[in-house]
Amino acid sequence: MASIETLHGPVDTSQLGVTDYHEHLYVEPPSWLHRIDPDFALGNVEKSAEELRSWARAGGQTLLELTAVDFGRNIHKIRAVAEKVPELHVVVTAGYNRPYYMGRWLYAVSEDDMVRDTVRDLTIGIDGTRIKAGIIKAGSEYNNFGEGARKLFRVAARAYAETGAPIITHTSGGTMGFEQVGFLLERNVPAHHIALSHMDRTIDPGEHQRIAALGAYLGYDCFGKAKYGPDSALVALLRGMIEAGYGQHLLIGNDLGRPSYWRSYGGGPGLDYVLTRFVPRLKEEGFTQTEIDLLLIENPRRFLSRDTPPR
Ligand SMILES: [Zn+2]
């Protein structure tokens, strides 16, 4: 039996249930980033807990909190939010988000030190707590897989070699996914231990199938974010990927890491959008309960269990 580290210790992956593969519950972005874009600061424990509660009421059971240290992870605040909704499993992340957020830190810190910190977060605890991360993160920039990103992905691959924790990447605008998987495969990370985030920012079924054929998972998380396109396009994308035989390679989240996305902070569509609005839409459009369970329960359980590759 496989288990995954959560805020409250290891949980058997058969217990995870409905899982959101990519969210942020509390974010303290670096001050330079906050000046440019103040809409990254998810900084209110009560409001974040209120939103998280709405997601639990809608049927959510396990949430992956993918705020890496360079984007402003505060493990004490994440824990404070999660403790207000104790019935949920929350998995937190080690590793690094992307070169842009790293800034000068990317070059000032040695690769060995970054590996050491990542492995410590996965095996001992984060920032003096006993909370262990369950995920390793790495990311690259838009249409670019340069030396900065390569350093983050080398760190992820080395931390993987020491821990076996699954890797979830950040793609910028859904680009460089194929390159990310190829780079990790060359460093002996099995494809079915890799998931790529934000792939539905560029809806290209052929490209998505090319990546899924390598064996990796693709994360979709643009539901209800009309600025990136309508939900109808995502319904068609999901249907097309399932028809092409890649239904087992898909993970669903919403990546609502901005106060303007959360009702409790005065925005929308809200953390429960996928469960209260998008899933009913899938049913209306002819998706079976088996297909919906595959997306929300079976695929994340298989990915986090790190045992069997998807078919
Ligand atoms: Zn995110």
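**View 1. Surroundings of Met 102 in the predicted model.** Leaving aside neighbours within four places in sequence, Met 102 is in contact with Asp 70 and Tyr 96, contact meaning that two C-beta atoms, placed from the backbone, lie within 7 Å. This is a predicted model, in which local features need pLDDT of at least 70 and side-chain atom pairs count only at pLDDT 80 or more, while totals for chains, interfaces and linings use all residues. Residues are numbered from 1 along each chain as its sequence is written. Met 102 belongs to helix 4 (residues 99-102). Helices (H or I, at least four residues) and strands (E, at least two) are DSSP runs, numbered from the N terminus. Is Met 102 buried or exposed? Met 102 counts as buried because 24 C-beta neighbours lie inside 10 Å. A residue is buried if 20 or more other C-beta atoms lie within 10 Å of its own, exposed if 12 or fewer, and partly exposed in between, with C-beta atoms placed from the backbone. The C-alpha atoms of Met 102 and Pro 30 are separated by 9.3 Å, although these residues are 72 residues apart along the chain.

View 2. Eight strands form an open sheet in the order 3-4-5-6-7-8-9-10, with parallel pairing; two strands pair if DSSP finds at least two bridges between them. Strand 3 (19-23) and strand 10 stand at the edges with a single partner strand each, so one side of each has no neighbour in the sheet. On average, neighbouring strands of this sheet are turned by 30° against each other, direction ignored. Axes are lines fitted to C-alpha atoms, for helices over the stretch in contact, and angles run from 0 to 180 degrees between N-to-C directions. Strand 3 and strand 4 (residues 62-65) run parallel and are joined by three bridges. Thr 19 has Thr 62 of strand 4 as its bridge partner.

**View 3. Helix 7 and the largest nonpolar core.** Helix 7 lies across strand 5 (89-95), strand 6 and strand 7 (167-170), and runs at about 165° to strand 6. The largest nonpolar core has 89 residues, of which Val 92, Ile 135, Ile 136, Ala 156, Ile 167 and Ala 195 touch the most other members. Helix 7 (residues 147-163) gives the most to this core, with eight residues. Such a core is a set of buried Ala, Val, Leu, Ile, Met, Phe, Trp, Tyr and Cys residues joined through C-beta atoms within 7 Å. Not counting residues up to four places away in sequence, Ala 156 touches Gly 95, Ile 136, Ala 138 and Ile 167.

View 4. Ser 48, Glu 51, Leu 52, Ser 54 and Trp 55 are buried in helix 2. Down the helix axis, the buried residues of helix 2 fall within an arc of 150°, so they line one face; the arc is that of the directions from the helix axis to the C-beta atoms. Helix 3 (75-83) is included in what covers them. On the other side of helix 2, Glu 46 and Arg 57 are exposed. Gly 59, with a positive phi near 115°, follows helix 2.

View 5. Asp 127 is not a glycine, yet has a positive phi of about 50°. Asp 127 lies in the loop between helix 6 (111-123) and strand 6 (135-139). Arg 306, also not a glycine, has a positive phi of about 55° and sits in the segment after helix 12 (289-305).
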